[in-house]
Amino acid sequence: METTELKVNGMTCGSCVASVTKALKRVPGVQEVQVNLGSGIARISGEHAANQVPAFVAALGDAGYEAGPATGAPAAHPHPTGGCGAGSATKGRGGCCCG
């Protein structure tokens with residue numbers, strides 16, 4: 001079993017974590033997913049995980065999130081002033097805001 005990490009941009013709450021986890025678990029060969037909201041890091045374990053980064057990025061893109069390798073990834077999207085949903089519509093596809 002291999003493990004790889006992705007930096008996921010746009011996560012702002014527990015619903016986002018659940019959406020990211022669900023999207024990644026749908027990729028064939030994934031055995032375990034751990035998502036840290038604070039750091040924006042998703043840790044994926046499974047068969048050939050290191051070689052499946054494009055599939056993980058595509059799955060997260062379909063769920064409405066941008067992702068890339070954890071090292072050197074761009075900073076997470078800033079949350080709007082006033083909290084979740086302040087001044088923006090919900091993202092839709094399982095996200096909470098910052099659409």
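Trainee: Among contacts between residues at least 6 apart in sequence, what share joins residues at least 24 apart?

Mentor: A contact means heavy atoms within 4.5 Å. Of the contacts between residues at least 6 apart in sequence, 64% join residues at least 24 apart. Please note that this is a predicted model, in which local features need pLDDT of at least 70 and side-chain atom pairs count only at pLDDT 80 or more, while totals for chains, interfaces and linings use all residues. Residues are numbered from 1 along each chain as its sequence is written, and side-chain values use heavy atoms, with hydrogens and water left out.

Trainee: Which pattern does the protein follow along the sequence?

Mentor: Helices (H or I, at least four residues) and strands (E, at least two) are DSSP runs, numbered from the N terminus. Here there are two helices and four strands, and the pattern reads β-α-β-β-α-β.

Trainee: What is the order of the strands in the sheet?

Mentor: Strands of a sheet pair through backbone hydrogen bonds, either parallel or antiparallel. Two strands count as paired if DSSP finds at least two bridges between them. In this protein the four strands form an open sheet in the order β2-β3-β1-β4, with antiparallel pairing. Because β2 and β4 (66-69) stand at the edges with a single partner strand each, one side of each is left without a neighbour in the sheet.

Trainee: How many bridges join β1 to β3, and which residue of β3 stands opposite K7?

Mentor: Six bridges join β1 to β3, and K7 stands opposite I41. Six bridges also join β2 to β3, where N36 faces I41 from β2's pairing with β3. In the hairpin of β2 and β3, four residues lie between the strands, and G40 takes a positive phi near 75 degrees.

Trainee: Where does α1 lie, and at what angle to β2?

Mentor: Axes are lines fitted to C-alpha atoms, for helices over the stretch in contact, and angles run from 0 to 180 degrees between N-to-C directions. Helix α1 lies across β1, β2 and β3, at about 160 degrees to β2. Helix α2 lies across β1, β2, β3 and β4, at about 35 degrees to β1.

Trainee: Which residues of α1 are buried?

Mentor: Buried means under 20% relative accessible area, exposed over 50%, and partly exposed in between (1.4 Å probe, protein chains only). In α1 the buried residues are C16, V17, S19, V20, T21, A23 and L24. Their cover includes β1 (2-9), β2 (30-36), β3 (41-46) and α2 (53-62). Across the protein, 40% of the 99 residues are buried.
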